[in-house]
Amino acid sequence: MADILAASQQMKADSSLRTLGLISAAHWVSHFHLLVLPMLFPFLKQQLGVGYVELGFALTVLAVTSGLTQAPLGYIVDHIGARKILLTGLALGGCALILLGLHLSYASLIAGAVLLGLANSVYHPANYAILSEHMNEARMGRAFSIHTFAGFLGSAMAPAIVAALVSTIGGLGALIVAGMVGVATSLLLLLAGVPDAGAHHKRAHGARLPQKNIITPALIVLTIFFMLLGLSSAGISNFGVVALMGGYGTSFSSANLALTAYLGASAAGVLAGGFLADHTEKHGQVAAGCFAVNAAIMLVIATVGLPSLMLTAAMTTAGFLGGVIAPSRDMLVRNAAPAGAAGRAFGLVSTGFNFSGILSPLLFGWIMDQNFPHWVFGTSAAFMVLTVALAPFTERRQQSRAADPEPAQP
């Protein structure tokens, strides 16, 4: 009997690890795809003969599409299954980039942005629904951290991968190859048997789930929190290289190194944040402390011409601290989600990222077109200060909800 129990536990552990690996691979692709277009801005600007505002508008279209569809897709995930939605999103995002590489024009860029936005809207509701249902409760924070780490790693690797592709097969080839990655990952998850999740899946296994309105004060505050998080980092991720080149005289290689260090350190910080999230309930305080330091670092970068080595060190520190808070952020959302509604909850709060995606490309593109590159970092610092101010309220709302839970409806 003991041997059978041990074998059963080992099978569950192996299944959980496989699931985490597959979902993390999908998250890597989602972040990689989001940075393909920004990393090709110099190529697209030259090929299409447009300015940064026009290029930023494409990212705004992406974010608007994702923002309008992410919450509805959360409901769809809960009702028809996370697996179907995730596989479709991976394939759709890949096809969007492939088609853009085959026929590049400003109109096709906008159309591709719409498809990429629709694809991007599936990842958070589908991924978190699957992880919430299939991971060990005691290690949920670390599972979220590995999942988020994979996404950050996709962002960190995107500049180097896209630059290598452009130098070897050109910008159009880079778009096609980047798209093929999404299609191949969709096939990998299908063949490897990624599990399903959602309210329909739990009902199929005999679970009786309460029906509950998920638009609660806690989730509304968390949606605003996600928006501020997105605004505080979007300018650095999407316009950091051109800002450093245009306002600081930094070479392309040095600016690219600084951004890669920032994104890579974010990924490392996520792993550290996973352990922290499993051992603390003070998630709001963690976020406030990290972003307070980050705001100071961004103000220094905005106002002082740092040498290349110091610039890279400052960006690395800021990236690490930004990554640390990600698992705690996700735990706040999971704790606020009603049973069987993880897809809807993460779909709702993730629209905060979409709102930031709508505003940030136009805002930071306008800053660059006005020749104020230093304010890319100064504006990011301002949004970090607002994030610090809101972080304690997210924690208080969550604590209040935990202390006085709403009874489930029959």
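Helix axes here are lines fitted to C-alpha atoms, taken for helices over the stretch in contact, and the angles between them run from 0 to 180 degrees between N-to-C directions. The model is a predicted one, where local features need pLDDT of at least 70, side-chain atom pairs count only at pLDDT 80 or more, and totals for chains, interfaces and linings use all residues. Residues are numbered from 1 along each chain as its sequence is written, and side-chain values use heavy atoms, with hydrogens and water left out.

To start with the overall make-up, the protein chain has 16 helices and zero strands. Helices (H or I, at least four residues) and strands (E, at least two) are DSSP runs, numbered from the N terminus. Of the chain's 410 residues, 56% count as buried. Buried means under 20% relative accessible area, exposed over 50%, and partly exposed in between (1.4 Å probe, protein chains only). Take the contacts between residues at least 6 apart in sequence: 87% of these join residues at least 24 apart, a contact being heavy atoms within 4.5 Å.

Next come two helix pairs that share α6. Two packed helices are described by the angle between their axes and the distance between the axes. Helix α3 (residues 52–80) packs on α6 at an angle of about 35°, and the two axes are 8 Å apart. The crossing of α3 and α6 is right-handed; a crossing gets that name if the near helix is turned clockwise from the far one by less than a right angle, and is left-handed if anticlockwise. On the α3 side the contact is made by Q70, G74 and V77, and on the α6 side by H124, P125, A126 and A129. Sorted by class, the contact of α3 with α6 has four nonpolar, three polar and no charged residues. For that sorting, Ala, Val, Leu, Ile, Met, Phe, Trp, Tyr, Cys and Pro count as nonpolar, Asp, Glu, Lys and Arg as charged, and the others, Gly among them, as polar.

The second pair brings in helix α4 (residues 82–102), which packs with helix α6 (residues 123–134) at an angle of about 140°, their axes 9 Å apart. That angle makes α4 oblique to α6, because angles under 35 degrees count as roughly parallel, over 145 as roughly antiparallel, 65 to 115 as roughly perpendicular and the rest as oblique. The α4 and α6 crossing is left-handed. Here A82, L86, G89 and L90 in α4 meet Y123, A126, N127, A129 and I130 in α6. By class, the contact of α4 with α6 has seven nonpolar, two polar and no charged residues.

H31 lies in helix α1 (residues 2–39) and counts as buried, at 17% relative accessibility. Not counting residues up to four places away in sequence, H31 touches G151, F152, G154 and S155. L244, found in helix α9 (residues 217–248), is buried too, at 0% relative accessibility. Leaving aside neighbours within four places in sequence, L244 is in contact with G249, T250, A255, A258, L311 and F377. The C-alpha atoms of L244 and N256 are separated by 9.2 Å, with the two residues 12 apart along the chain.

The loop between α15 (351–369) and α16 (374–403) holds N371. Most residues other than glycine have a negative phi. N371 is not a glycine, yet its phi is positive, at about 65°. At 58% relative accessibility, N371 counts as exposed. F372 is also placed in the loop between α15 and α16, but counts as partly exposed, at 44%. C-alpha to C-alpha, F372 and A243 are 8.3 Å apart in space, while 129 residues apart in sequence.

V385 in helix α16 is partly exposed, with a relative accessible area of 48%. Its C-alpha atom and that of A295, 90 residues away along the chain, are separated by 6.3 Å. G170, in helix α7 (residues 140–192), counts as partly exposed at 22% relative accessibility.

A search of the whole structure finds zero disulfides, a disulfide being a pair of cysteine sulfur atoms within 2.5 Å. C95 is partly exposed, with a relative accessible area of 37%, whereas C290 is buried, at 9%.
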